[in-house]
Amino acid sequence: MNRSSRILNSKVAGYSSLITFAVLLIAWIAGFSSRLFAVIRFESIIHEFDPWFNYRATAYMVQHGWYKFLNWFDERAWYPLGRIVGGTVYPGLMITSGSIHYILHVLNIPVHIRDICVFLAPVFSGLTSISTYLLTKELWSPGAGLFAASFIAIVPGYISRSVAGSYDNEGIAIFALQFTYFLWVRSVKTGSVFWSAGAAISYFYMVSAWGGYVFIINLIPLHVFVLLIMGRYSPRLLTSYSTFYILGLLFSMQIPFVGFQPIRTSEHMAAMGVFVLLMAVAVLRHLQSVLSRNEFKKLFIVGGLLAAAIVFVAVVGLTMMGVVAPWSGRFYSLWDTGYAKIHIPIIASVSEHQPTTWFSFFFDLHILVCAFPVGLWYCIKQINDERVFVVLYAISAVYFAGVMVRLMLTLTPVVCMLAGVAFSGLLDVFLQEDASKRTGSVMNSVSETDDLDESLEKKSLYDKAGKLRHRTKHDPTHEGGMSSNLKSIVILAVLMILMMFAVHCTWVTSNAYSSPSIVLAFHNSQDGSRNILDDFREAYYWLSQNTADDARIMSWWDYGYQIAGMANRTTLVDNNTWNNSHIALVGKAMSSTEEKSYSIMTSLDVDYVLVIFGGVIGYSGDDINKFLWMVRIAEGEHPKDIKESDFFTDRGEFRVDAEGAPALLNCLMYKLSYYRFGDLKLDYRGPSGYDRTRNAVIGNKDFDLTYLEEAYTTEHWLVRIYRVKKPYEFNRPSLKIKDRLIPPTNFISRKNLKRRKGLIRNRPTVVKGKRSLK
Amino acid sequence: MTLLRNTLLCTLIVLGGCLFLVAAQGKLKTGLSLAEKVENLVEMNMKKPLLRFNGAKFREYVKNAPRNYSMIVMLTALAPSRQCQICRHAHDEFTIVANSYRFLPIYSNKLFFASVDFDEGSDVFQLLRLNTAPVFMHFPAKGKPKGADTMDIHRVGFSADSIAKFVAERTDITIRVFRPPNYSGTVAMITLAALVGSFLYIRRNNLEFLYNKNLWGAAAVFFCFAMISGQMWNHIRGPPLVHKTQNGGVAYIHGSSQGQLVVETYIVMFLNAMIVLGMILLIESGTQKPNNRNRIIAIAGLVLLTVFFSFLLSVFRSKAQGYPYSFLFK
């Protein structure tokens, strides 16, 4: 009996580890391949805006080495200020791909750094799903872990930031986030220094990778704090938190960009406060065991009040003295949701910083968003130390995701975990074959059945013979009224829903999140063929080939990284929006008249101006549509020169046609976008100068540029580049060649010998000092 | 002869009288001198930061030259019988701006704030050809107000900040708005805390309910419902409750994926709640002791889950153009 059960146990263990391995492998492969749409449709290319900077920095690091990179002063950005790159980036991403590149080259595998950058995020999605599995296993059960792992592999909310080519911090940061949380939960469970030191190291990686590390350093103290309130203090908690906090603090201060922030800004103060509190609680606990009850009570009251007063005074005093910086605007806008709209237009102008509709929740998470409250409910029902953590994680993440679309990314892992708990609980109930096995908590049971179903969900449909045999054998009436028919219907329905989830994920990934946005594709409605617009790269390549190496290019900040990355030219402003007044100056130049902006442009040494214009093909993300933000940002710094109200019509409309506001029709951005557009007839029936994006005939058709000249316009007019003339090119009173001839007139002189001397008849006599009478 | 002399005398007298009258009228028309006006205004301003004008005073201080000061005038209708809800808000905001200006170091006699109520100076409304309220107008020191001197409240709203911005635009006097701290929030918080505290104190011997997991669970799940149904979006953007369609019907669902209506979010919240309930019922049906009720619970859970999920999916589908999938029904 004993021996046979041991054999059975080892057999089960073998099977379950095989299944675990298989499911995680399949999840990795599925996650990797569903992120490849963009590569297959277009090519292996870096996407969007920020990734271009990361790529450029990585290439620089690979070429020049780590220390050169750390000291890199980029004079090609933010002209004439420049930018200290080494001290203003999170270097984790560059180090990761740089070291992969190094290892591969040591192994004599010649891979270009670009390909590593393109495929980094999909590879890391597999690691994310493994760490999600580990975390969920710690929190609930291995079955739920497998569900969570396969959910997070394909869920659109995470794919949106980690498709191939989207080479951004978030791609590796979510892995670091989940892994840190796993190690933290492990260390709370075991109370071992080993795991909490591991958590601190993983936290260090997270700090080096993404600014979202603030989420960790606030969530973990919150966890500790809530545990203290709930009276769940234990020496394990003391060990793990104090180790984690001190090591994590020291590690995080090693990143140059973070520096002394962890001890000087309010975002990090909660962690310190909880650390002090935990110490106080530990001391009190110790005193309680030493002192008598009365003494302790007195000490508790006096000491508690004194400590609270000291801490309060210290925090307020330090904040007043400016040692501790108050909340920065970006974080403040998370609490006071109307703050950014009023005070920081540059944050409000980014579409990722908008609140989230229910639509995008469902779009990004599908059934998981409906299922995760179930997991939350059961976590609260069967609470323990580590489930407190996941509950807090879920509630804070769902709040932040509601405030900002962008933070959907931090919600996604916890939703996957809790939905995994829900689905695994559900299938636990309905795949259970024997009533006798169901005694005890089903939710906690570690059975291979849900692993099995997991693989069903991944569509590798294999079934164990044993299970079918059981199901056919048992008596339906024995199951407390739940017939096997009902069970199979429920399972079928749940599997249908999960299948719909998989299909939805693929559809969303393919349609919404797989466009590189520097190469545009559109379907021709007539013959259904796919056309590719490669105007951006065309323009950047033109710049790199036809302009001087040190040419300075002015554009709106969105295109700064791309110009630097692809054309390798100096830009004035870019996506690292650290200097608002510089951006406002560019905005002012764009929204002033040509003459006024010429003086701004000469003061900034601008050689070329680049604008994005979508009116020909109907591209809605162009500069005219962004123009109001330029005006707003410019107005914030130069309220006397630029007024937003001037750019609206009397009825408060923003329109580009003949009824548009005169300030708009004469500003530089308008002129550069619509120069010679009035002559263009897009359609045989339609009028000339018809803007397809705004569906209007432009108002100011016939104008010439004085201070600039058109240098290049791409095939579909998407990018237009103008050269700024030097002062001698327009200031000289020059005559064109055809004007230099004196025009022949039919004037015949009447002068003859008699009237040689000219006389004016009826010459008016001027009398000084008197008004001439009429 | 005497007749002639008499007539002359009479004419003289009449003429003189006329002259006198004309002179007197001229004197009346000039009214107060500039210095007097400024002095009066400053004096009035000492008492109240926001001056209140009737028709006569408006003509005296605002309409008539000479002036060397700018005037920001709010034309409003505050009487309850006029039923102007936003006038009250506008008045509050305007008062905040006027107060902030009054106690700033840049306060001078170059700019005054005034308000004219419709019931006290309806002639002013006729004079300016206005038939709506509230209207904010700037009367520059020289010349007449132009088009841009009327604040466009439909576009910029009438919050104190935008009024201050308007003032800065028109007069180059930048007013830093100082809002009197709003104590209502604090008071509400203190009341709430006191209530909760006293409640806990009364039940101090029976604090079992704090350990009630169902209560906590329900609160957490409800919070999640509120967030995932986009209540935060509603809070920030303030969408309308429902839309009116062209053919007179009422639309509960916003047509595009970019927006949502308040009722729509409640519907979605309900659908989500039903799906969650369905799943919980399904799980509960297996965890209890085997009996006949389980079967009914399981069926109910299954129906809730599938039907409401299909509903949710079809609502989603109606908002997403070209979304191909549906479940049970379209």
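**A walk through chains A and B**

Let's start inside helix 28 of chain A, where A:I583, A:A584, A:L585, A:V586, A:G587, A:K588, A:A589, A:M590 and A:S591 are buried. Buried here means that 20 or more other C-beta atoms, placed from the backbone, lie within 10 Å of the residue's own. That makes helix 28 of chain A mostly covered, with nine of its twelve residues buried. Helices in this text are DSSP runs of H or I with at least four residues, strands are runs of E with at least two, and both are numbered from the N terminus. Helix 28 of chain A takes in residues 580–591 and reaches 16 Å from first C-alpha to last, close to the 16 Å expected at 1.5 Å a residue. The expected span is 1.5 Å times one less than the number of residues.

A word on the model itself: it is predicted, local features need pLDDT of at least 70, side-chain atom pairs count only at pLDDT 80 or more, and totals for chains, interfaces and linings use all residues. Residues are numbered from 1 along each chain as its sequence is written, while chains are lettered from A and ligands numbered from 1 in the order in which they are written.

For residues 553–609 of chain A, an unreviewed UniProt entry lists "domain: STT3/PglB/AglB core". UniProt positions follow the numbering used here, feature names are shortened, and annotations may be inferred rather than shown by experiment. This span is 53% helix and 11% strand, and its end C-alpha atoms lie 6 Å apart.

Where does chain A meet chain B? Two residues are in contact if their C-beta atoms, placed from the backbone, lie within 7 Å, and 54 residues of chain A are in contact with 53 residues of chain B. On the chain A side, helix 20 gives the largest share, ten residues.

Over in chain B, the secondary structure comes to twelve helices and six strands. Of the 330 residues in chain B, 28% are buried. Contacts between residues 24 or more positions apart make up 60% of those in chain B with a separation of 6 or more. The unreviewed UniProt entry annotates "transmembrane region" at residues 183–202, 214–233, 266–284 and 296–316 of chain B. Take two of these: residues 214–233 of chain B are 90% helix, with end C-alpha atoms 28 Å apart, and residues 266–284 of chain B are 100% helix, with theirs 26 Å apart.
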